[in-house]
Amino acid sequence: MAPSELVIGALMRNELLLKASRQWLEEGGRFRLDVIPLESDQLFAQLQSRWEGLDGVLIEQGALDRYGLEQLREQGMLLPAVVLGDVTGEMTYHEAEVHLQADQLEQLPYNLDAAVSRFLERRVLRDRAGEAPLAANAEHWRLSRRLEERVGYLGVFYKRDPRLFLRSLPGDERQELLGSLERSYRDVLLSYFRDPPAANQAIESFVNTAFFCDLPITKAVEIHMNLIDGWSKQLALEGHQSEFLQDYRLALLDVMAHLCEMYRRSVPPETTTGLVSRSSPETLQPQEETPS
C-alpha cells in the first residue's frame, strides 16, 4: 500500500520557487502543499489553525527572520522540515531539519521523506536516552504518533516508496534526477576541504536522495569519477597539475560511509512484541545497476 498523503506547509516568498516545489511534490500524489501567509501578525495564528493538519514544512531560506524562527522554537511549533537554499552548515529551524539547494528540486520528495524520518528518529533516540524531546510538550508527542500512523509503524526509513526508486522512474525523470544528484555531489566536492560543516550538509542531502531513490552504488561511484575526470581534463587544458584531485577519494568514502549508515539503520529492529517490519532486509539493500 502506498504511503498516505502528507500535508506540507509552505513558508515561502519566492513565487517561482513555490510553483516549482508544488510541481515536483504534487505530481506523485504523496504530498500536498498548503501555503501559509508569512505576515508576522498572522503567521502564528495561521500555523495554529492548521497545526493538526500539517505533517511538515518547506521553508525558503531567509523567508523567516531569526525572531520568527525563535518564536516557533519557543512555542514548540516544530515539524519535519526541508530548508531550501544555500547549504551553509548552519541550523535554521531545528536539529532534525534537512537542507536542499533550490536548483535541486528534483530531489524534494526524497528529502521530505528523509525529513520525516529524521524527525521521528530523533524522538525515538531521545526517548530511549531519557532526554527531553525536540519540543518538550505533548504537542510534539502527538505529532510524532500521528506521523508514525500516517507513514507506517516504523516510519519511512523502513518503508521506502518503490515508485520513487530510480529504476522505476520514466526515462526523462530518471535523467533529471541523476542530473540533480550530480549537482548535489558537485556541492559536496567543492566544499569538502574548504567548509566541512557545509560539506556535511551537502553529503546528507545527496545521501538522503540516494537512499530513498535506491541509487545503485556503481552509479554513485560513476558520478564521482565523471566529475573528477572532467576537472582533471580542464586543469590539463589550463596547464595545471591535477594530482591533488586524488584527495577527493576521501569525499567518496565519506559519502559511502553515510549511505551505509542509513542502510544499517533501515534494518527493522524487533519490537517489544516480537514483531518485525514487513519490509525484509533484502528489500532494503542498495541495488547494483542492472545491464540495460
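L250 belongs to helix α9, residues 249-266, where helices (H or I, at least four residues) are DSSP runs numbered from the N terminus, as are strands (E, at least two). The model is predicted, so local features need pLDDT of at least 70 and side-chain atom pairs count only at pLDDT 80 or more, whereas totals for chains, interfaces and linings use all residues. Residues are numbered from 1 along each chain as its sequence is written, and side-chain values use heavy atoms, with hydrogens and water left out.

The table gives relative accessible areas, for which buried means under 20%, exposed over 50% and partly exposed in between (1.4 Å probe, protein chains only).

| Residue | Relative accessible area | Class |
|---|---|---|
| L250 | 47% | partly exposed |
| E176 | 37% | partly exposed |
| F31 | 3% | buried |

Together with F193 and L253, L250 makes a nonpolar surface patch of about 310 Å². E176 is part of a negative surface patch, which also includes E27, D172 and E173.

E176 lies in helix α6, which covers residues 171-192. The expected span of a helix is 1.5 Å times one less than its number of residues, so the 22 residues of α6 should span 32 Å, and this agrees with its end C-alpha atoms, which are 31 Å apart. Among the buried residues of α6 are L177, L178, Y185 and V188.

F31, by contrast, is found in strand β2, residues 31-35. Between F31 and I8 there are 23 residues in sequence, while their C-alpha atoms are 6.8 Å apart in space.

Definitions and conventions: Patch = residues over 30% accessible without salt bridge, like charges linked within 9 Å, V, L, I, M, F, W, Y side chains within 5 Å. Areas by Shrake-Rupley, 256 points an atom, 1.4 Å probe, with all protein chains shown as cover. Salt bridge = Lys/Arg side-chain N within 4 Å of Asp/Glu carboxyl O. Lys, Arg positive; Asp, Glu negative; His and termini not counted. Charge placed at Lys NZ, Arg CZ, Asp CG, Glu CD.
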